[in-house]
Amino acid sequence: MSKKIFSGVQPTGNLHLGNYLGAIKNFVNLDNDKENECIFCVVDLHAITVNQDPKKLRDNIRETLATFIASGIDPKKSIIFNQSKVSAHSEAAWILSCVARMGWLNRMTQFKEKAGKDKEKASVGLYSYPVLMAADILLYDTTHVPVGDDQKQHLELCRDIAQKFNNDFKVGNFFHVPEPLIKKEFSRIMSLKDGTKKMSKSELSDLSRINLKDNKEEIVNKIKKAKTDSLPLPTSVVELEKRPEAKNLIGIYASLLNSNSEKIVKEFSGKNFSDFKESLSQVLVEKINPISNEIKKLLNEKKYLDAILLEGSEKADEKASKKLKKIQEIVGF
Ligand code: AQP
């Protein structure tokens, strides 16, 4: 059955291995299936929920697009655009924010993590961000949303909003209730410095993540310095549960090779981390280097990148404004 795919990535710089293995690699697989209709969005409205330097934001929008293309998404097949160019996203988000309940948003753990101790100083946008995300998805009658594990709760909220709108206005299945596509394994890649924390763009230490623009030396150095425990590699996957750093590195290796942790544990059972790290670096360089070279090349082709975003936003706008018009009619505007 053909799927309608929508997903987004924030243009907040430092796109990393977590973004790649948790999301972008899956975008590529879905894009390769001729049956699917895919829309991939550079979600710049989401990016400004925390402070952004305007000049850097503009560069990061192009860089996110370049990363999509360098990873293997075909802009001729899929629609790729930046969110701020399609005003229906903001307009639909307002209407949906009148459907979503405060209690639902109060439960969002990502807001609590990102706002930290000083919630009073967080932007209102950071708090209501999941409603905008629901608008992004629902405007395109999306059936499936490929995301990393950290977005699971936001997708559940999106489903709740769709169902409440359909019920409140008695409009049957006007909003399609989308399914999350979250990989069972490797959907949460952890920091190289702390196996209990998500690999993240905003983490201060660059050693905590492999950036998709890192060169060979940087990759090798980061893996060499990646935290491990003092034991040799485990002999069974069960042992991994108590060893978060080992679990993460084995997961990264398995995911890059489209394998699974069990096979990798068997292969390296009882060996030293130094041997394993050498193999991991090799695979990382093999998989990430071509992407990083292509990103750097594409970043010199600003006109090409801007033309893709323009064409993508025109196509997205056509779809989104039609749906928005129906939403407006339903609510009585
Ligand atoms: N560590 C991760 N493991 C697996 N998937 C991840 N994703 C992000 N980090 C990991 C997935 O990547 C997609 C795009 O994420 P995003 O750019 O929209 O925002 P994010 O989740 O906020 O990414 P970061 O790196 O964690 O940014 P900061 O540091 O700003 O919070 C999503 O599908 C996400 O699940």
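This is a predicted model: local features need pLDDT of at least 70, side-chain atom pairs count only at pLDDT 80 or more; totals for chains, interfaces and linings use all residues.

Colleague: What distance should helix H11 span, going by its residues?

Modeller: H11 covers residues 244–256, so at 1.5 Å a residue its 13 residues should span 18 Å. The end C-alpha atoms are 18 Å apart, which agrees.

Colleague: Is H11 mostly covered or mostly uncovered?

Modeller: Mostly covered, with 11 of its 13 residues buried. Among them are Glu245, Asn248, Tyr253 and Leu256.

Colleague: And which helices do those buried residues of H11 pack against?

Modeller: They pack against helix H1 (17–32), helix H10 (237–240), helix H12 (261–268) and helix H13 (273–298).

Colleague: What follows H11?

Modeller: Asn258 does, and its phi is positive, near 50°.

Colleague: OK, switching to the ligand. How many residues surround it, and which are the closest?

Modeller: There are 21 residues around the ligand, and the closest are Asp150, Lys198, Ser200, Lys201 and Ser202.

Colleague: Where do Asp150 and Lys201 come in, atom by atom?

Modeller: For Asp150, an N or O atom of the side chain is 2.4 Å from an oxygen atom of the ligand. For Lys201, a polar side-chain atom lies 2.2 Å from a ligand oxygen atom.

Colleague: What about Gly18?

Modeller: There a polar backbone atom of Gly18 is 3.2 Å from a nitrogen atom of the ligand.

Colleague: And how much of the ligand's accessible area does the protein cover?

Modeller: The protein covers 95% of the 650 Å² that the ligand has on its own.

Methods. Residues are numbered from 1 along each chain as its sequence is written. Side-chain values use heavy atoms; hydrogens and water are left out. Helices (H or I, at least four residues) and strands (E, at least two) are DSSP runs, numbered from the N terminus. The expected span of a helix is 1.5 Å times one less than its number of residues. Buried means under 20% relative accessible area, exposed over 50%, partly exposed in between (1.4 Å probe, protein chains only). Contact means heavy atoms within 4.5 Å. A residue is near a molecule or strand if one of its heavy atoms lies within 4 Å of it. A polar contact is a pair of N or O atoms within 3.5 Å; within protein, one must be able to donate a hydrogen and the other to accept it, and residues adjacent in sequence count only if both atoms are side-chain atoms. Accessible areas come from the Shrake-Rupley method with a 1.4 Å probe; for residues, only the protein chains shown count as cover.
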